[in-house]
Amino acid sequence: MNESNILERRLNKLNQEIRYLRFQQKLIVEMLKGKTPTDKKMLMDSQTFISILKSTGLDDETLNYLHIQFEKNSPDSHQFFLEFLGLADEEIKHIRECCRQEERKT
């Protein structure tokens with residue numbers, strides 16, 4: 001692998017991290033405004049949200065990374081986010097446990 005490829009891969013990784021941070025920033029702003037997952041304006045199903053994220057260029061690997069980093073850096077916000085998507089309690093528990101397991105692997 002040449003230097004150009006290495007730099008390009010690093011740039012792509014940084015772009016993923018920036019998108020994640022921007023997303024987290026927006027979510028926290030909404031939380032600070034006092035909105036909760038039950039506010040009608042905030043409700044969105046997970047498939048719609050995934051479609052939106054994928055249309056911006058995020059792939060499955062990046063979405064998994066987003067969950068893992070969310071759980072690692074802000075577990076309460078991650079819980080809020082999953083509730084915001086209207087996921088069932090069991091599904092939320094499963095996602096969060098998978099994230100913790102993946103984090104332990106790294």
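This is a predicted model: local features need pLDDT of at least 70, side-chain atom pairs count only at pLDDT 80 or more; totals for chains, interfaces and linings use all residues.
User: How many salt bridges does a search of the whole structure find?

Analyst: The search finds seven.

User: Why is the pair lysine 54 and aspartate 60 called a salt bridge?

Analyst: The N to O distance between the two side chains is 2.8 Å. The cut-off is a Lys or Arg side-chain nitrogen within 4 Å of an Asp or Glu carboxyl oxygen, so the pair qualifies.

User: What makes lysine 54 and aspartate 60 buried, partly exposed or exposed?

Analyst: Lysine 54 has 39% relative accessibility, and aspartate 60 has 45%. Buried requires under 20% and exposed over 50%, with partly exposed in between. Both residues therefore count as partly exposed.

User: Why does the pair lysine 72 and glutamate 103 count as a salt bridge?

Analyst: Their closest N and O atoms are 3.8 Å apart. That is within 4 Å, so the pair is a salt bridge. This pair joins distant parts of the chain: lysine 72 is in helix H3 (residues 60-73) and glutamate 103 in helix H5 (residues 89-105), 31 residues apart.

User: What makes lysine 105 and glutamate 102 a salt bridge, and where do they lie?

Analyst: The closest N and O atoms of this pair are 3.1 Å apart, which is within the 4 Å cut-off. Both residues lie in helix H5, three residues apart, or about one turn of the helix.

User: Which residues are linked in a network of salt bridges?

Analyst: The network links Glu71, Arg96, Glu97, Arg100 and Arg104.

User: Which residues touch the most other members of the largest nonpolar core?

Analyst: This core has 19 residues, and those touching the most other members are Phe23, Phe49, Phe70, Phe81, Leu82, Leu85 and Leu87. Two or more residues come from each of helix H1 (3-32), helix H2 (46-55), H3, helix H4 (75-84) and H5.

User: Which residues is phenylalanine 23 in contact with, leaving aside neighbours within four places in sequence?

Analyst: Phenylalanine 23 is in contact with Phe49, Leu66, Phe70 and Phe81 once those neighbours are left aside.

Methods
Residues are numbered from 1 along each chain as its sequence is written. Side-chain values use heavy atoms; hydrogens and water are left out. Buried means under 20% relative accessible area, exposed over 50%, partly exposed in between (1.4 Å probe, protein chains only). Helices (H or I, at least four residues) and strands (E, at least two) are DSSP runs, numbered from the N terminus. A nonpolar core is a set of buried Ala, Val, Leu, Ile, Met, Phe, Trp, Tyr and Cys residues joined through side-chain atoms within 4.5 Å. Contact means heavy atoms within 4.5 Å.
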